[in-house]
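Let's take a walk through this fold, starting with the whole chain and then zooming in on how its pieces pack. Keep the viewer open as you read.

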Amino acid sequence: MIGAERVMERRLRLGPRNVVITGSTRGLGKAMAREFLIAGDRVVIASRSPQSVAETVKELQEEIEFKLFDPSQMRKVGEPETASNIYVHGSRVIGMACDVSKVSDVQALAEFASSKFGSIDIWVNNAGVSKGFRPLVQFSDDDIRQIVAANLIGSLLCTREAIRVMKLQSKGGHVFNMDGAGSGGSSTPLTAVYGATKCGLRQLHQSILKECKRSRVGVHTASPGMVLTDLLLSGASLQNKKMFNIICELPETVARNLVPRMREIKGTGKAINFLTPPRILFALITAWLRRGRWFDEEGRAVYAAEADRLRNWAEERTSFPYSVAVDQFSENTLISVFSITVICAFIMLSSTDNGLPGT
């Protein structure tokens with residue numbers, strides 16, 4: 001409880017962030033945008049489709065203004081924006097169509113975000129393409145070009161523009177590239193092209209990290225693990241889906257874990273991971289309980305659609321699970337707490353008259 005209170009207090013002290021998220025009209029990108037807005041930040045939605053951007057901006061604006069906060073504090077529908085009501089509780093969402101593989105689009109996105117919000121504090125390179133699970137020989141030329149263009153070239157262009165803007169800001173900023181299967185150099189059979197791009201991003205991260213060493217720009221990675229999104233499910237087999245039951249999580253669950261840590265990031269070269277070794281171990285131990293969690297025996301989805309998952313969205317925001325609080329603290333802090341606990345337990349056991357033999 002003390003840890004949760006400390007984390008919540010720190011969140012309130014941080015103030016609003018100006019955030020750009022590519023590929024944020026659906027899946028994890030959209031869920032992260034929602035979490036940033038809940039925290040009081042200002043978010044730029046970006047995707048290739050102008051229609052998807054417009055629909056997502058409208059949807060998120062309605063969710064934030066009319067579902068989460070006290071309606072009596074909201075700007076009335078149709079009331080003109082003024083200096084006092086242009087932001088709702090410090091939050092606002094805007095959007096722009098952007099193909100991250102095109103230089104002109106990425107430059108325009110950076111200029112758009114800077115001109116509208118005055119600065120960019122956090123830039124998340126979330127846009128990505130997978131094209132399903134199948135051997136390399138079955139990928140067409142266009143498939144390969146699209147995957148490389150979105151995942152690798154897009155991240156290169158966006159990282160360059162983000163750094164260019166942030167270096168001119170007195171407070172700098174932070175750039176996040178999303179890790180994925182293959183980023184550590186491991187093999188990714190049936191997703192060879194996707195894995196190659198993610199491995200390239202890891203090398204990019206190491207290089208940019210040294211280039212920005214003496215600047216105020218932080219370069220980081222975020223690893224969401226396996227998330228139930230269209231990117232993951234495209235072309236998934238029945239066997240894949242059975243495995244997803246054990247290890248996958250919904251976008252909202254992952255976003256709620258990653259975003260608070262993105263907002264509080266300091267320095268550079270940090271890695272924010274959702275699927276940590278303890279989580280993997282817990283998933284494997286409880287695998288028998290997770291059967292049929294997201295897909296039935298025939299591979300049909302049994303989890304609720306996004307709209308249904310958000311029905312009780314506002315009520316769920318009042319809870320602050322212990323696991324969320326734990327994720328906010330560094331590994332050294334947790335080790336220190338554990339060590340102190342062990343020492344205290346040893347002292348207590350040693351001071352009892354009826355100690356256990358050998359204690």
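Among contacts in the chain between residues at least 6 apart in sequence, what percentage join residues at least 24 apart? In this predicted model, the figure is 71%. Of the 359 residues in the chain, 44% are buried.

Now for the buried part. In soluble globular proteins, nonpolar side chains tend to be buried together. Here the largest nonpolar core has 30 residues, and the members that touch the most others are Ile21, Met32, Phe36, Val43, Val124, Phe176 and Met262. The top contributor is α2, with seven residues.

Setting aside neighbours within four places in sequence, Met262 is in contact with Met32, Phe36, Ile122, Val124, Phe176, Met178, Ala222 and Ile272. There's also another core lying apart from this one, made of 28 residues, with Cys98, Phe117, Trp123 and Val165 among them.

On to helix packing. Two packed helices are described by the angle between their axes and the distance between the axes. Take α2 (residues 27–38) and α9 (residues 251–263): their axes come within 8 Å and cross at roughly 50°. That angle is why α2 counts as oblique to α9. The crossing is right-handed. On the α2 side, the contact is made by Gly27, Leu28, Ala31, Met32, Arg34, Glu35 and Phe36, and α9 answers with Pro251, Glu252, Val254, Ala255, Arg256, Val259, Met262 and Arg263. Sorted by class, the residues of this contact are nine nonpolar, one polar and five charged.

Next, look at α5 (residues 141–166) and α6 (residues 192–211), whose axes come within 9 Å and cross at roughly 15°. With that angle, α5 is therefore roughly parallel to α6, and the crossing of this pair is right-handed. From α5, the contact takes in Ile144, Ile147, Val148, Asn151, Leu152, Ser155, Leu156, Thr159 and Ile163, while α6 brings Val193, Tyr194, Thr197, Gly200, Leu201, Leu204 and Ile208. What's the class make-up of the contact of α5 with α6? Eleven of its residues are nonpolar and five are polar, with no charged residues.

Definitions and conventions:
Residues numbered from 1 in each chain as written. Predicted model: local features only at pLDDT ≥ 70, side-chain atom pairs only at ≥ 80, totals over all residues. Heavy atoms only, no water. Axes fitted to C-alpha atoms, helices over the stretch in contact; angles between N-to-C directions. Helix = DSSP H or I, 4+ residues; strand = E, 2+ residues; numbered from the N terminus. Parallel < 35°, antiparallel > 145°, perpendicular 65-115°, else oblique. Left-handed = near helix turned anticlockwise from the far one by under 90°. Contact = heavy atoms within 4.5 Å. Nonpolar A, V, L, I, M, F, W, Y, C, P; charged D, E, K, R; others polar. Core = buried A, V, L, I, M, F, W, Y, C linked by side-chain atoms within 4.5 Å. Buried < 20%, exposed > 50% of the residue type's maximum accessible area, 1.4 Å probe, protein only.
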